[in-house]
Amino acid sequence: MGLTLIRKSNGRPPRKNPKVALVLAGGAVTGGAFKVGGIAALENFLVDRGLCDLDTYVGLSAGALLAVPLAGGIHPHEMIRVLEGTSEDFDQLRPIDFYAPNIGEFAERPARLALDLLSYLPGVGQEFLRGLPSLPDAAGGVFRRFIRDTSYANFESLVTRIIEHTAPTRNFPGPSDYIPSGLFDNSSLERWLRRNLDRLSMPNDFRAFQRKRNVELYLSACNLDTAERVIFGGDEVNDLTIAQAVQASTALPIFYKPARLGGVDYVDGGVRHTANIDVAIEKGADLVICYNPFRPFMNDVDLASASRGSGRGGGFLSDRGAKLVVNQVFRTLLHSRLQLGLQRYLADDSFQGDIVLIEPHEQDASFFAINPLAFWRRSEAMHRGFESVHLTIEQHFDELEEVLARNGLEMSRKVANRRANRLREEHDWPRPAASSVKGSPELRVVSG
């Protein structure tokens, strides 16, 4: 696990009533599950004030789906039960909630293509016949010039004029224009969350939610037609319900069709930003805890293994197929944007708070190999996320404790170990004999 601490409050007296924000980046299915395990590990170390007792919650994509129950008082341990189907508070997230087929477009678009193809030739014929009577007037001058001088240039001008006059005005219905906009329809996630908010008697309206829970909740999406980031919240855009905002934020392009809500097509918030740390800072956060489950994998290439073409770990990523290439490129793009953002916050003199960034270890080959969209591997991802974060905090407890203590969060190793053992027993998770990740958990401390 990687841990980055940006310390801009060094040398300053501890704040009174510091404002703490939790920012949850995307992660698809297994990245979201990895994050659930990770926040459960972090929660274990906190005493008196936990992750459901913070001031501000910011989420995008899978992080939006997790930020809502956290802000609503559903503890991370309960969220593990939700994913495993043992929760008494929330309905289980089922595969059909993630993989609801985009039946409407898969049925409607081929039918529309067939109708347009059938009507194309008759329509073109009618246009051609209507244009014939006026063809002599339109092309007569060019035709007479060609008769006088049968050069290639005049011939080309004649043919061009005839085509321009008789060519159909309607476009040929190309099949690519009728491909469905996504494989699945994530309105099923909206229905699941709406149903569970109602079950908990929790408002599905941003302003009412904020009043009842006394917290700030912000979710982000991207407007497909303008490519602009949209922030939903009580004092931001609030014309959608919370469940609809989650639908907008989780509409991963191609996998899900764009979420058309209130006359706007929305796609995954991660398209525009990797995380929304800037939102938390703009809302006055003194401490930002950000969890980003996606970062590039640092692959140690074993040239001997690669030369044998084994196709297994140790060789080049490209030797293991396009899936890993896309996975690595996707992670690299997201992580690069996040790192640039951190540099900007570090240079911003108006922000004098602290940032805690939690990420997977850069050589966590097991997590990297998990398909981000594999719902059936969520339990494995949760366990891995839990053990990774627990180990990282255990080994860098003193550094993290100092940052959190300055911002009103108390930590305890003893309490964390007791809670961790209880959680492992409840979910039948084996206690790790040693870290399954190469190297020690990373720690990067940057002082502003």
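Visitor: How many aromatic pairs does a search of the whole structure find?

Guide: A search of the whole structure turns up eleven aromatic pairs. Rings of Phe, Tyr and Trp (its six-membered ring) pair if their centres lie within 6.5 Å; planes under 30 degrees apart count as stacked, over 60 as edge-to-face and the rest as tilted. Take Tyr-99 and Phe-375: they make an edge-to-face pair, 6.5 Å centre to centre with 85 degrees between the planes. Keep in mind that this is a predicted model, where local features need pLDDT of at least 70, side-chain atom pairs count only at pLDDT 80 or more, and totals for chains, interfaces and linings use all residues. Residues are numbered from 1 along each chain as its sequence is written, and side-chain values use heavy atoms, with hydrogens and water left out.

Visitor: Which parts does the pair of Tyr-99 and Phe-375 tie together?

Guide: Tyr-99 lies in the loop between helix H4 (95–98) and helix H5 (103–131), and Phe-375 in the loop between helix H14 (365–369) and helix H15 (378–395), so the pair links parts 276 residues apart in sequence. Helices (H or I, at least four residues) and strands (E, at least two) are DSSP runs, numbered from the N terminus.

Visitor: Is Phe-375 buried or exposed?

Guide: Buried means under 20% relative accessible area, exposed over 50%, partly exposed in between (1.4 Å probe, protein chains only). Phe-375 counts as buried, at 3% relative accessibility. Tyr-99 is buried too, with a relative accessible area of 18%. Now look at Phe-184 and Phe-255: their ring centres are 4.8 Å apart and their planes at 50 degrees, so this pair is tilted. Phe-184 sits in strand E5 (residues 182–184) and Phe-255 in strand E8 (residues 254–256), so here the parts tied together are 71 residues apart in sequence. Both Phe-184 and Phe-255 are buried.

Visitor: Which residues form one aromatic cluster?

Guide: That cluster is made of Phe-98, Tyr-99, Phe-184, Phe-255, Tyr-256 and Phe-375.
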